[in-house]
Amino acid sequence: MGFDRQQLEAFSAIVEMRHFGEAAKRLNITRGAVSQRLRLLEQATGCPLIVRDGNVPTPAGEALLRHIRVLQMLEADTLRRIKPTDAQRPRISVAVNADSLATWFEPIAWAIARENVALELMVDDQDHTLPLLARGEAAGCVSTSDEPPTGFLAEPIGAMEYECVASAAFAHAYFPQGVGLHSILAAPAVLYNRKDGLHELFLEKLLDFEVSGYAAHFFPSPFALLAAIKNGVGYGLVPCLQASELIEGGELVRLAPNHRIQVNLYWHHWETAPSNAQIISDLVVRQAREMLIQPNDQAISDLGEDELVE
């Protein structure tokens, strides 16, 4: 069966806007027309496509949304080949974790944006970007998982390395004898958000048992988190790409210099993609492998996504 283009546009707009009224504004039609087009599309497919509580796609809707995204990229690629001067920029969404965006991914994002597309970056924790891809909301994502959803490929791109740091004054006040259980329970940590499991992993690997009950501040921005640590609010894990220069300049000190964490990252993308989407995936993989730690650099090929390097 063939799909009705207007019905697909209405469905896509509902998912993107999470609201029937906002979808109607985007399409310049009435809310009733949006509802009718969705209803007709669901009748044509024979299954519900939207969960009305939250306006998120059902599993069938996720599959359809992926089809729409591929179709949009394919149409844009075809139009560019036919008449390059009139080709519109297709919108492409990429899911990436905040630490990557703040360090190595930003110049890659600039390069993607120059590929005649309209880029949307969707930011979440590195362990939570994959659902955005599976739901069809993103065409590619950076994730710690090496298991791609059906219809996608996962390519290893390297590892990010983190180390535990604090300001010199904070380290002197809370860790005069080093990092131990007593000092950990007394010192406030600085974490990205409540989904951030990296700090607990670090403590568990460092002490060889799980630790809970410590105080934590949450700063949901890599730059805000780093600034909080620099200003003595607490201690925490920071990407070495951010920390190294500050350590050399004396603004930060290492609390556990022999205990760093490397997090393996993977680029997930469509298994079968239009040429313009494939160009973007090739760009991401190539440049990421130049900027991230590779297995040959420090023999990390056998490390899992949460292994500690000692």
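Me: Axes here are lines fitted to C-alpha atoms, for helices over the stretch in contact, and angles run from 0 to 180 degrees between N-to-C directions. Why is α1 called roughly perpendicular to α3?

Reply: This is a predicted model, in which local features need pLDDT of at least 70 and side-chain atom pairs count only at pLDDT 80 or more, while totals for chains, interfaces and linings use all residues. Residues are numbered from 1 along each chain as its sequence is written, and side-chain values use heavy atoms, with hydrogens and water left out. The axes of helix α1 (residues 5-17) and helix α3 (residues 31-45) cross at roughly 110° and come within 8 Å. Angles of 65 to 115 degrees count as roughly perpendicular (under 35 roughly parallel, over 145 roughly antiparallel, the rest oblique), so α1 is roughly perpendicular to α3.

Me: Which residues make the contact?

Reply: On α1 they are Gln6, Gln7, Leu8, Ala10, Phe11 and Ile14, and on α3 they are Val34, Arg37, Leu38, Leu40 and Leu41. Contact means heavy atoms within 4.5 Å. By type, these residues divide into eight nonpolar, two polar and one charged. Ala, Val, Leu, Ile, Met, Phe, Trp, Tyr, Cys and Pro count as nonpolar, Asp, Glu, Lys and Arg as charged, and the others, Gly among them, as polar.

Me: How do you know that Ile261 is buried?

Reply: Ile261, in strand β11 (residues 260-270), has a relative accessible area of 0%. Buried means under 20% (exposed over 50%, partly exposed in between; 1.4 Å probe, protein chains only), so Ile261 qualifies. Its C-alpha atom is separated by 6.5 Å from that of Glu163, 98 residues apart along the chain. Glu163 in turn stands opposite Val238 in β9.

Me: Why does Ser281 count as buried?

Reply: Ser281 has 5% relative accessibility, and therefore counts as buried. Ser281 lies in helix α13 (residues 275-291) and touches Trp267 and His269, leaving aside residues up to four places away in sequence.

Me: What makes strand β3 largely enclosed by the rest of the structure?

Reply: Strand β3 (residues 91-96) has six residues, and because five of the six are buried, the rest of the structure largely encloses this strand. Strands (E, at least two residues) and helices (H or I, at least four) are DSSP runs, numbered from the N terminus.

Me: How do you know that β3 and β5 pair?

Reply: Two strands pair if DSSP finds at least two bridges between them. β3 and strand β5 (residues 140-143) have two bridges and run in the parallel sense, with Val94 opposite Gly140. β3 is also joined to strand β4 (residues 118-123), in parallel, by six bridges, and the partner of Ser93 there is Glu120.
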